[in-house]
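Start by loading the structure, and then follow the headings below.

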Amino acid sequence: MALNEKEGSSGSSMDSPEHVEKKGSVGGYGVSADAVPRDHLNAMFENPLAGISREQLFADVDEFCNKHKLSEYNELFRKGALVAQNPSGAQDLDVLNQADKHILEREHTHKWSHPKQLYYLVIMCSLCAAVQGMDETANNGAQVFYLKRFNIVTDPVSGTSGRFDKKMADNITGLVVGAPYLACAVLGCWLTAPLNSLFGRRGTIFISCLIAALASVWEGVANSWVNLFVARFVLGLGIGSKSTTVPVYAAECSPPLIRGALVMMWQMWTAFGIMLGNIMGVAFLNVGNDLNWRLMLGSTVVLPLIVCAQVYFCPESPRWLIKKNRIDKAFDAFRRIRTSDLQAARDLYYCYVNVEIERKVSHGRNLVKEMFTVGRNRRAAWASWIVMFMQQFCGVNVIAYYSTTIFTQSGFSESSALLASMGTGILNWVFALPAFFTIDSFGRRNLLLFTYPFLAIFLFWTGFSFWIEEIRPTRVAMVTTGMYLFEVFYSPGSGPVPFTYSAEAFPLHIREVGMSFATATTWTFNFILSFTWPSLLTAFKPQGAFAWYGVWCIIGWVLVLLFVPETKALTLEELDQVFSVPTWKHASYHVKAVVHTFKVKVLRQKLPPMPKFWQGDENIGKSFSD
C-alpha cells in the first residue's frame, strides 16, 4: 500500500540515540522514519492522511480494496477516506450526497445514537467490570467467618488465634486476602499480551471469566486455608487479564466522540460490583456459620458465567482483526457497531493506516527498553506509576477488603459491621457517577489534587476516632463517618483517573507495553496493601495504620503536583510536547503555579494567566516568580 509519496531527508541531528534509526517512509506521515524524533512519534498518528492529494489517496484506497477483496465497496471506501482525512470539512465534500452528510452531522448532534449491537457490547463490558468488583469485595464479609472456621483468628476484635501466634495469623490473613492480587502482579497482567494475540479480545475475556467462575466455586468448597489461598490465587489469573483487556476492547470498538465515556464505564461498574460483593455479605449473613462464607464467595460465579454466554455474540475488536490481516472481518465488525456503512468504511480505513504505521515504527525495536530510555516515554511511565501507585496507597482497599473487620473492632456487631460495609460499597458506586462527567471537564490532574487532601483528612479522622472509648457510641459514629466520607472523595478521583490517565499518557506504539506495566504496578501495590494491613494494624494500632495511609495521600498530592502533567483534551502531538518537557521544568512551573493561584484566588491580585508550561521554554519559570 502506497501510503506515502516521498522520502524525507535526515539531518545530522538524527544521529541522536533518541531518534528513530530505521530508514524508509512511515505510513502517510510524509517523512522518513529516521526524521522523526523518538520522543515525538505520537505526532505521526495525529492524522496520517493529512496532506495527501486526492489522487494519491484514491490510489491508496483502490490498492487497499483490491488487496483485501473489498473491491465492491471501492467507492464507499473512497468517501470514507476523504472524511477521515478532513473530518471538520466533511460537509463540504462534493463526493458525499445529502444522506451521507446527514449521517455525519447526526453523529455530532446525536452522539449517543448508535446500533443496539454497540450497547450490547457495552453491557457485556460493564458486566466484566462488575465481575471484577464483586471478586474483590465478596471476601470482605466472608473473611470474618472463614478465619474462625480454619482457626486462623478466633477473636476478630483482638485478632488472636488458637492455632497460630499473632504474627503468623496476621501473615496468613494477609496472604489469603491478597492472593488474587499477587497472581495479577506476577502472572495475570503479563499473560494479557499472549492471550490477546492467540485468542483475541473476546477469547481473552471468555477465558478470564471462565477462570473467575471456576475459582469462585473452588473458593466456596475450600476445606483449608491453603486450599482457599490457591483458589484465590487462581482467581487472580483471571482478574489480571480481564482488567487490562476489557478497557482496551471497549476503546477499540467505541466511536471517538463517546470513547472516553464508554471506557470510563469500567471504573463505574467495577464500583457497582464492589457494592454487589458487600451486599452478598449481608444477604448470606444468617445462612449458617459454615455455609454463609461459602455462599458469599461462591455467589461470584453467576456474573462471569453470564459474560461467558454473552461475549461471543459481540463482534471481535476491529483493530485486533486488522492486526491479524483479517480486513474483511474487521469491516463486518465495524458495520455491526456503526450506524452506516460510510462510518464503518471511514473508521476501518483510518484504523488500518494507523496500524500499518505502528507496525513500521515498532519493527525491530525493543519497546520495553524504549519505554525507559526515551525521555518522553520515561516521563509518561513515571506519571502513570505515580497515579497507579497512589490508587492503592491512598488506602482505599483497606476499606474494600477489611471494612467488616474494622467496623467490628470499632464496636459494631458482626451483622451491623456487614451492613456498614455495604454502605461503603454503595457510596463507592454512587459517587463514581459524577466522574463520568467531571473527568473530561475538571481534568485528571485537578481531580487528584482536589481529592487527595480530603482522603488524608478522613483517614486521620477514622484512625484517630479509635482513641474514643469503645463503650461510647460516638466512636462507632466517628469511624463510620470517616470511612464513608473517604469513599465519597475517592470515587470521583483516585478511582477512575489512574486507568484513564495511563491509557492516554503512553505513545500509541508502546501503549500495550505501557498499560501492562501500569496495571502490574497497581496490582503489585494492591497485594502489598492487602497482605501488610493485618500486621500494620498489630504494630501501629488503628490510629497509626490509618495515619500511615493518610501521610501517603499528602505525599501523593506533592507527587502529582510536581510530576503528573494534565492530559485532558490534548491531541497526540500535544501529549508528545507535554511529556517532552524536562521533569525539573515541569516541577518548577507548578510550584510557581501554586503561588500564582494563591495570589489570584486568595489575595485577589489581578495577574495575567500563566502560559502552558510546554509552550516554549522561554515562558517557563518566568514572569510569575514575584
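Is Ala-222 buried or exposed? Ala-222 is buried, at a relative accessible area of 0%, where buried means under 20%, exposed over 50% and partly exposed in between, using a 1.4 Å probe on protein chains only. The residue sits in the loop that links α6 (192–220) to α7 (225–253). Helices here are DSSP runs of H or I with at least four residues, strands are E runs of at least two, and both are numbered from the N terminus.

Beyond its neighbours within four places in sequence, Ala-222 touches Phe-150, Asn-227, Leu-228, Trp-293 and Arg-294; contact means heavy atoms within 4.5 Å. Arg-294 lies 72 residues from Ala-222 in sequence, with 8.3 Å between their C-alpha atoms.

## About the model

This is a predicted model, in which local features need pLDDT of at least 70 and side-chain atom pairs count only at pLDDT 80 or more, while totals for chains, interfaces and linings use all residues. Residues are numbered from 1 along each chain as its sequence is written, and side-chain values use heavy atoms, with hydrogens and water left out.

## The chain overall

The protein chain has 24 helices and zero strands. Of its 626 residues, 58% count as buried. Among contacts with a separation of 6 or more, 75% come from residues 24 or more positions apart.

Pro-115 belongs to the loop between α3 (98–109) and α4 (116–149). With a relative accessibility of 19%, Pro-115 counts as buried. Setting aside neighbours within four places in sequence, its contacts are Arg-336, Ile-337, Arg-338 and Thr-339. Pro-115 and Arg-338 are 223 residues apart in sequence, yet 6.3 Å apart from C-alpha to C-alpha.

## Helices α15 and α21

Helix α15 (residues 375–393) packs against helix α21 (residues 497–505) at about 170°, with axes 9 Å apart. Axes are lines fitted to C-alpha atoms, for helices over the stretch in contact, and angles between N-to-C directions run from 0 to 180 degrees. The pair is therefore roughly antiparallel, a label for angles over 145 degrees.

On the α15 side, the contact includes Arg-376, Ala-380 and Met-388, and on the α21 side Phe-499 and Tyr-501 are among the residues involved.

## The bend in α8

Helix α8 bends by about 25° at Trp-266, the bend being the angle between axes fitted to the seven residues ending there and the seven starting there.

Methods
Parallel < 35°, antiparallel > 145°, perpendicular 65-115°, else oblique.
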